[in-house]
Amino acid sequence: MLLRRDGHEVTVLERDPESVPRSGDRAWERWTRSGVTQFRQPHFLQSRGRIVLEEELPGVVSALAQAGGLRFDPLRLMPPSIVDREPRSGDMRFQTVTARRPVLEQVLGRAAHAEPGLEIRRGVCVRELMMTAYDGTPHVRGVRADSGEQFEADLVVDAMGRRSQLPRWLEEAGSRPIHEESEDSGFIYYTRYFRSRNGGIPEFRAPILTSAGTFSILTLPGDNDTWSVTLYISAGDTPLKRLRDPDRWTALVAACPAHAHWLDGEPITGVLAMGGVTDRYRRFSSDGRPMVTGVAAVGDACACTNPSNGRGMSLGLMHVQRLRDVIGAHLENPRELAEAWDEATEAELTPWYRENVAEDRARIAEMEALRHGLGPEPPRTRSALLRRALLAAVPRDADAFRAFLASRCCLTPLRETLANPEFVEHIFRVASDSPAPRPAGPNRVQVLDLLDDLRAAA
Ligand SMILES: Cc1cc2nc3c(=O)[nH]c(=O)nc-3n(C[C@H](O)[C@H](O)[C@H](O)COP(=O)(O)OP(=O)(O)OC[C@H]3O[C@@H](n4cnc5c(N)ncnc54)[C@H](O)[C@@H]3O)c2cc1C
């Protein structure tokens, strides 16, 4: 839509054949989107995503609100232990509007179909690249679909998500392997959705994401008085995989004092499980030179992470916005375009990827240590030490809380905030006075007992 508005001829090829349903309800209940494995997994639109939409496609934000999207201000999650509750200039940036993924995609999909001159071809599965050379570098000149149909283009945008096969296709077409880093983030998610019986969403008595020893709890508000509750664990934790059973899942949420009331609604799904979620980063340049031109990977196809911070859609939208700018400035010169796209991606997307991966590794290491009866490892790097101090300061200090929120909402990476020595000094001071946090749920022995008791009862 952004490129079309800049006057380009744009063809969107989407492998899933089903057209966009008429309503959010139908999208939630019936839309088959096998191209997006996580389609019915929990999704929350961070404020960065809302800001990009507001800047570029404001009609989508209002249509989402009309479809029952929830206007949500995460500042309301400020814990009562923070004394300074004065609003600050810029607080509006935290606000968002969010919905279940099928509802959000239905709204965006309908807007795209209404976009004058934008060609959307559903049911066209791209199978391979058509290549030539440009200035001595392999150059993508188009794509071929399963049907054999060919599409020539000045630029091919890979928006095929986390399962994009672009590197394999490039190699099959004779290109050198591109740089790829990939690791299983090591988490398994167990989610259940609810709808309120009397309107509204439950009160937040804890942050959206809470670590509770060997598991974490995620409570995401959604559209039309719905919400999701997710428990996630380390994939190596076999005893906790019994959380797939709705009774055990319910028993564990019920045992978490600040979360039990999120069960107070009508369940609208069973327990949805998802594992094998990969952290993956791709780079199409080496030593400052593009390895291929004529193609740009965007969103998850370029970098994707474990989703517990709920950043993927927002970062994807931000990345799309940048791509539009780079195309506007460089479409005539494929090499310049590839260089500018690599630069923009490294400056704006990669820092978020690195931050997320570091957080994932630390959390998995913590879960694994606790599972084996060990205490959490002391922070080994300066950034881990700073992060620990910040987390200790968040429940006591308005600045620390906002800094943390700005990272969660994809507004400012922590690395940037923690580069300020005065702020760092401040959080260490606050952290040293902070009491140890209260446990968010049962300890390991209690969790295992609880899951075993249910087996005995069954
Ligand atoms: C469990 C889970 C929970 C998540 N929760 C959140 C959250 O709370 N908040 C958030 O912001 N993000 C979340 N994410 C991340 C978010 O889902 C992704 O970041 C986002 O969908 C990426 O968008 P995308 O357009 O890059 O790719 P996708 O949404 O994956 O879209 C890729 C599209 O390409 C199509 N396609 C694929 N191959 C082909 C082909 N060969 N030919 C034609 N079409 C093709 C697919 O059908 C699909 O429509 C979550 C992810 C997971 C796994």
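I began with a definition: helices (H or I, at least four residues) and strands (E, at least two) are DSSP runs, numbered from the N terminus. Just after helix α12, I looked up C410 and found a positive phi of about 65°.

**Ground rules**

I noted that this is a predicted model, in which local features need pLDDT of at least 70, side-chain atom pairs count only at pLDDT 80 or more, and totals for chains, interfaces and linings use all residues. Residues are numbered from 1 along each chain as its sequence is written.

**Whole chain**

I looked up the secondary structure of the protein chain, and the entry reads 15 helices and 20 strands. The radius of gyration (taken over C-alpha atoms) is 23 Å, close to the 23 Å that the globule rule gives for 458 residues, so the chain is as compact as a globular protein of that length. The globule rule itself is 2.2 Å times the number of residues to the power 0.38. Along the principal axes, the C-alpha atoms fill a box of roughly 60 × 50 × 45 Å.

I then looked up burial, where a residue is buried if 20 or more other C-beta atoms lie within 10 Å of its own, exposed if 12 or fewer, and partly exposed in between, with C-beta atoms placed from the backbone. By this rule, 38% of the 458 residues count as buried. For contacts (two residues whose C-beta atoms, placed from the backbone, lie within 7 Å), residues 24 or more positions apart account for 74% of those with a separation of 6 or more.

**Helix α12**

In helix α12 (residues 398–408), nine of the 11 residues are buried, so the helix is largely enclosed by the rest of the structure. Among the buried residues I wrote down A400, A403 and F404, and the buried residues of α12 pack against α11 (382–393), α13 (414–417) and α14 (421–433). I also followed L390, which touches A400, A403, F404 and I427, not counting residues up to four places away in sequence.

**Nonpolar core**

A nonpolar core is a set of buried Ala, Val, Leu, Ile, Met, Phe, Trp, Tyr and Cys residues joined through C-beta atoms within 7 Å. The largest one has 96 residues, of which Y190, L231, Y232, L390 and A400 touch the most other members. Its largest share, seven residues, comes from helix α8 (residues 312–330). Domain 1 (125–184 + 277–353) and domain 2 (187–276) both give residues to this core, so it lies between them.

**Domains**

The domain bounds come from an automatic or database domain assignment. I found the C-alpha centres of domain 1 and domain 2 to lie 35 Å apart, and their contact takes four residues from domain 1 and eight residues from domain 2.

I placed F151 in strand β7 (residues 150–152), and F151 is partly exposed, with 16 other C-beta atoms within 10 Å. F151 touches T11, L13, G142 and V143, not counting residues up to four places away in sequence.
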